[in-house]
Amino acid sequence: MTGRSAPRGTYVFDGPAGRLGRPLNRMLQSLCTEGARTDFRADEAAYCLRFALSAEQTTAVLERDWQAMLDLGGSILYVYKLAMMDGRSMQYLGGVFTGMTEAEFTAAMAAGGRTDV
């Protein structure tokens with residue numbers, strides 16, 4: 001986080017996070033086209049190099065470290081594009097970010113959401 005206080009468990013995507021994540025978000029946003037997805041699947045590391053991702057951002061992408069992508073400035077809107085390529089749902093990511101399984105997260109949302117914050 002960038003120094004501002006936020007409620008526990010809350011991710012703040014602000015100006016500094018956006019600047020840090022600009023290369024990562026540009027790369028992830030590019031996955032909107034089939035040609036880009038084909039290129040990415042062919043050589044993920046080389047594709048990341050095209051967008052000048054940091055070593056940490058590249059590692060996060062290659063290892064599908066979803067939390068690290070956010071910590072390195074990734075926007076959930078763009079991170080989700082990669083998750084969709086892997087056949088993952090938003091509920092899956094919600095579970096990752098809250099320490100729940102996908103099923104637990106889905107059930108928690110159906111029951112009205114988190115009550116521990």
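Is Ala 52 buried or exposed? At 58% relative accessibility, Ala 52 counts as exposed. Buried means under 20% relative accessible area, exposed over 50%, and partly exposed in between (1.4 Å probe, protein chains only).

This is a predicted model: local features need pLDDT of at least 70, side-chain atom pairs count only at pLDDT 80 or more, and totals for chains, interfaces and linings use all residues. Residues are numbered from 1 along each chain as its sequence is written, and side-chain values use heavy atoms, with hydrogens and water left out.

**View 1. The protein chain has eight helices and zero strands.** The elements run α-α-α-α-α-α-α-α from the N terminus on. Helices (H or I, at least four residues) and strands (E, at least two) are DSSP runs, numbered from the N terminus. Of the 117 residues in the chain, 36% are buried. The chain exposes about 6,800 Å², and carbon and sulfur atoms supply 55% of that area. Accessible areas come from the Shrake-Rupley method with a 1.4 Å probe; for residues, only the protein chains shown count as cover. Among contacts with a separation of 6 or more, 45% link residues 24 or more positions apart. Contact means heavy atoms within 4.5 Å.

View 2. Ala 52 sits in the loop between helix 3 (44-50) and helix 4 (55-62). Arg 64 belongs to the loop between helix 4 and helix 5. Ala 52 is exposed at 58%, whereas Arg 64 counts as buried at 18% relative accessibility.

**View 3. Ser 30 and Tyr 47 are joined through their side chains.** Ser 30 lies in helix 1 (residues 15-30). Its relative accessibility is 15%, so Ser 30 counts as buried. The polar contact between the side chains of Ser 30 and Tyr 47 spans 2.6 Å. A polar contact is a pair of N or O atoms within 3.5 Å; within protein, one must be able to donate a hydrogen and the other to accept it, and residues adjacent in sequence count only if both atoms are side-chain atoms. Leaving aside residues up to four places away in sequence, Ser 30 touches Ala 36, Tyr 47 and Phe 51.

**View 4. Arg 41 touches Met 85 across a sequence separation of 44 residues.** Arg 41 is part of helix 2 (residues 34-42). It counts as partly exposed, at 47% relative accessibility. The C-alpha atoms of Arg 41 and Met 85 are 9.4 Å apart. Glu 34 is also touched by Arg 41, not counting residues up to four places away in sequence.

**View 5. Leu 70 is buried in helix 5.** The helix covers residues 66-71. Leu 70 has a relative accessible area of 5%. Leu 70 and Phe 97 are 27 residues apart in sequence, and 9.8 Å apart in space, C-alpha to C-alpha.

**View 6. Helix 7 and helix 8 are roughly perpendicular to each other.** Two packed helices are described by the angle between their axes and the distance between the axes. The axes of helix 7 (residues 90-98) and helix 8 (residues 102-110) come within 8 Å and cross at roughly 95 degrees. Axes are lines fitted to C-alpha atoms, for helices over the stretch in contact, and angles run from 0 to 180 degrees between N-to-C directions. Angles of 65 to 115 degrees count as roughly perpendicular. Gln 91, Tyr 92, Gly 94, Gly 95 and Thr 98 in helix 7 meet Glu 102, Phe 105 and Thr 106 in helix 8.

Conventions. Angles under 35 degrees count as roughly parallel, over 145 as roughly antiparallel, 65 to 115 as roughly perpendicular and the rest as oblique.
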